[in-house]
Amino acid sequence: MIDFEKMLRNVASGRPLVHAMTNYVTVNDCANVILAGGASPIMADDIDEVEEITSLCSALVINIGTLNKRTIDSFIKAGKEANRLGRPVVLDPVGAGASSLRTDTVTKLMESLKFDVIRGNMSEIRAISGSCARTRGVDADDSDMVTIESLDEAVSFAKRLSGSTGSVIAITGPIDIVADSNDAYAIRNGHESMSRISGTGCMLAALVGAFCGANPDKPLHSAAAATCMMGLAGEMANESNERNGGGVASLKIRLIDSISLISGSELKEGALIEKR
Amino acid sequence: MIDFEKMLRNVASGRPLVHAMTNYVTVNDCANVILAGGASPIMADDIDEVEEITSLCSALVINIGTLNKRTIDSFIKAGKEANRLGRPVVLDPVGAGASSLRTDTVTKLMESLKFDVIRGNMSEIRAISGSCARTRGVDADDSDMVTIESLDEAVSFAKRLSGSTGSVIAITGPIDIVADSNDAYAIRNGHESMSRISGTGCMLAALVGAFCGANPDKPLHSAAAATCMMGLAGEMANESNERNGGGVASLKIRLIDSISLISGSELKEGALIEKR
Amino acid sequence: MIDFEKMLRNVASGRPLVHAMTNYVTVNDCANVILAGGASPIMADDIDEVEEITSLCSALVINIGTLNKRTIDSFIKAGKEANRLGRPVVLDPVGAGASSLRTDTVTKLMESLKFDVIRGNMSEIRAISGSCARTRGVDADDSDMVTIESLDEAVSFAKRLSGSTGSVIAITGPIDIVADSNDAYAIRNGHESMSRISGTGCMLAALVGAFCGANPDKPLHSAAAATCMMGLAGEMANESNERNGGGVASLKIRLIDSISLISGSELKEGALIEKR
């Protein structure tokens with residue numbers, strides 16, 4: 001059983017510092033989502049300071065959304081320090097499969113570091129598993145969407161990958177799957193309109209970092225709770241858009257608003273999660 | 001005749017991937033505008049992946065808003081791949097004329113690559129034409145604004161420049177001009193309040209990329225349709241601000257909202273465009 | 001006496017160009033705040049253009065929020081040009097004290113350049129003063145908050161630091177202090193909810209740049225007026241959130257909206273400022 005209320009309370013009371021090494025497209029949204037969830041963000045990527053910054057922080061998030069070769073060594077240096085200190089590390093392999101640089105970098109990162117959670121869409125997760133992946137840039141290929149028909153297969157895949165990597169695997173899509181090698185959750189929160197906002201995946205990885213930072217011994221529950229919360233916020237944003245009018249920019253404002261407003265009991269009530 | 005409805009429908013149905021190599025100031029707005037228009041953005045600038053990323057995409061947008069020398073070669077490599085594959089390439093020469101680095105870089109880019117569309121304000125377009133330009137940073141100099149008096153002259157200038165460069169020229173300002181060597185459109189959509197939002201020009205270039213990606217054989221019509229759409233969205237945002245209250249941040253939210261909400265028939269009805 | 005109305009009018013009528021060398025997390029908000037205040041932003045950091053860009057501008061803002069070593073020389077080159085031309089230079093030492101790179105860089109910048117205004121939270125300002133500072137990443141340590149009890153001591157500290165650096169010192173927190181070596185102001189505008197938005201400090205430094213650019217002979221008054229304005233905007237945003245609902249993303253939209261809407265007389269009326 002995931003104790004949603006306690007986990008969210010831990011974020012709010014602990015205000016964990018989250019070191020986010022992320023892309024320049026969605027970085028501001030990631031910072032604001034970390035704050036909305038109750039934690040504090042810090043962004044730093046110069047190789048001469050990442051170790052020190054990581055050492056101040058309760059969690060590290062590595063997102064390769066606008067990968068450049070200059071920061072790969074920074075990722076590894078920060079990650080090694082987090083691993084050494086036993087702080088949770090989250091990987092968001094944005095666009096893995098879309099270029100050799102991204103796929104190879106993810107391979108290198110996974111060889112060098114221990115990740116507590118890896119979050120991606122199915123195309124990205126397939127790419128890092130070494131299985132044949134098609135990709136549509138930073139979006140999942142349509143054939144990779146987890147549906148009711150493919151759910152069992154996807155759950156098995158996620159558990160196996162968690163077993164071989166030692167990381168909790170979070171595969172987001174119409175149905176989200178969050179799994180370690182033993183347990184898996186299927187999460188049906190969210191709304192399709194979220195795909196029309198840039199950065200919902202990055203924001204989720206940032207929020208996973210906030211939950212992990214406050215609940216460091218519970219990476220599976222942290223990833224699941226953050227995934228439910230992001231999805232629930234998307235539902236609330238969509239409802240607000242339908243009620244009050246608004247397009248995709250309002251939807252994003254309302255999504256981040258909702259993350260800052262959801263209480264522990266609302267999260268518990270609203271989570272559409274089942275164990276698989 | 002521009003078939004606005006068909007062109008916008010092509011964006012929505014084709015969901016073209018747009019590779020945007022752009023500045024770190026307005027990149028998030030560009031990503032969201034590409035999504036709002038119905039396309040999908042991907043941002044990548046490392047020289048070791050830009051060719052691969054471009055090859056996945058239906059269009060490439062190059063914006064030099066926060067130019068740094070490390071990415072100039074990436075621009076050229078991506079652009080050559082797009083040219084080779086026959087994919088549309090859009091240039092936004094932000095701040096051309098404001099520094100030698102920017103002016104020289106634009107010259108180099110234009111010598112190395114074939115651009116389907118070049119979009120800038122009049123100061124930037126004058127700078128790239130080699131004519132004497134004054135500039136006010138990233139804004140057009142007041143003396144460069146296209147007005148009713150200077151419209152004929154500006155149209156001739158745009159047509160000539162299109163003839164010499166082989167690119168559709170889009171000059172944005174109080175009256176926008178979009179021209180190839182034969183045909184020109186004057187567009188009177190938009191509202192002066194848009195000048196109080198950072199990045200409307202960058203967002204327009206991104207939207208031109210989305211239209212070009214979905215309508216690759218029609219760069220003139222793509223640039224004109226995107227320009228009408230951005231201006232119409234600005235009018236709608238301004239009206240909403242006047243009706244509901246709000247300052248410049250609300251204006252930007254409503255601008256991007258409107259882009260996501262404008263239908264083909266609204267675009268057709270609302271376009272204030274005339275052939276010159 | 002600070003003539004709030006005249007100072008704000010000078011921004012609106014002069015539309016000063018502000019060269020902002022800032023971090024990639026909050027850069028878009030900084031650009032929009034500069035516009036909201038009535039000025040114009042330009043962002044540029046390549047060493048081969050910063051001198052030229054600075055020479056076009058009325059003020060320079062240097063913010064080390066996502067410091068990387070490649071831009072330190074650009075900061076110095078731009079700063080020297082601004083100093084040579086007598087243009088105001090503002091420093092925002094984000095995260096000073098959080099890493100040696102940041103602390104050492106600030107020391108180097110202060111040795112190389114003359115800053116008109118330095119704005120930070122108390123932990124950052126302590127770090128640059130060489131006194132023992134604790135830090136919580138980019139946030140002030142709780143023990144460093146200026147309160148009613150520590151106000152006199154903090155005012156004396158700010159005046160002394162201004163005397164030794166030659167810069168106006170702006171220390172922001174629950175009570176803000178803005179001081180030169182002779183005079184100090186305590187400012188009680190603002191609302192605690194502002195700490196849940198990423199970048200309010202960066203935005204303030206950008207707004208200080210706008211005020212300094214338009215009022216170059218009045219750095220103390222510029223820093224104080226901008227601080228009052230940002231705080232007042234925060235109060236208005238918070239009231240709007242309480243009245244209309246909304247979370248942290250709406251709060252940021254309303255904050256920037258308010259900056260664009262506050263008139264000179266509202267600023268004068270709303271400023272909660274006292275000389276110390």
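Predicted model: local features only at pLDDT ≥ 70, side-chain atom pairs only at ≥ 80, totals over all residues.
Which of the residues of chain A comes closest to the rotation axis? Tyr24(A) does, with its C-alpha at 3.6 Å.

Residues are numbered from 1 along each chain as its sequence is written, and chains are lettered from A in the order in which they are written. Local features need pLDDT of at least 70, side-chain atom pairs count only at pLDDT 80 or more, totals for chains, interfaces and linings use all residues, and side-chain values use heavy atoms, with hydrogens and water left out.

Start with one chain. Chain A holds eleven helices and nine strands. Helices here are DSSP runs of H or I with at least four residues, strands are runs of E with at least two, and both are numbered from the N terminus. The C-alpha trace of chain A spans about 50 × 40 × 35 Å along its principal axes.

Now turn to the symmetry. A rotation of 120° superposes chain A on chain C, with 0.0 Å of shift along the axis and an RMSD of 0.0 Å. The two copies are thus related as by a three-fold rotation axis. Copies are superposed by least squares on the C-alpha atoms of residues with pLDDT of at least 70 in both. Chain C goes onto chain B by a rotation of 120° as well, again with 0.0 Å of shift and an RMSD of 0.0 Å. In chain C, Tyr24(C) comes closest to the rotation axis, its C-alpha lying at 3.6 Å.

Next, look at where chain A meets chain C. Here 32 residues of chain A are in contact with 31 residues of chain C, contact meaning heavy atoms within 4.5 Å. The size of an interface is often given as the accessible area lost when the parts come together. Between chain A and chain C that buried area is about 2500 Å², and carbon and sulfur atoms give 49% of it. The area is found with a 1.4 Å probe and summed over both parts.

Which surfaces do the copies use? Only 9% of the interface residues of chain A are also interface residues in chain C, so the copies meet through different surfaces.

The rule finds three salt bridges across the interface of chain A and chain C. A salt bridge is a side-chain nitrogen of Lys or Arg within 4 Å of a carboxyl oxygen of Asp or Glu. One of them joins Arg102(C) to Glu49(A), at 2.8 Å from N to O. Asp46(A) also forms a salt bridge with Lys69(C), with the closest N and O atoms 2.7 Å apart. This pair runs from the loop between S2 and H3 of chain A, where Asp46(A) sits, to helix H4 (residues 69–85) of chain C, which holds Lys69(C).

Chain A and chain C share 18 residue pairs in polar contact, both residues at pLDDT 80 or more. Such a contact is a pair of N or O atoms within 3.5 Å; within protein, one must be able to donate a hydrogen and the other to accept it, and residues adjacent in sequence count only if both atoms are side-chain atoms. On the side of chain A that touches chain C, helix H2 (27–37), strand S2 (40–42), helix H3 (50–56) and helix H10 (248–261) each supply at least two residues. H2(A) gives the most, with six residues. By class, this side of chain A has 17 nonpolar, seven polar and eight charged residues. Ala, Val, Leu, Ile, Met, Phe, Trp, Tyr, Cys and Pro count as nonpolar, Asp, Glu, Lys and Arg as charged, and the others, Gly among them, as polar.

Finally, move to chain C and chain B. There, 32 residues of chain C touch 31 residues of chain B. The two chains bury about 2500 Å² between them. Three salt bridges cross this interface, and Asp46(C) pairs with Lys69(B) in a salt bridge at 2.7 Å. Over all chains, a search of the whole structure finds 36 salt bridges.
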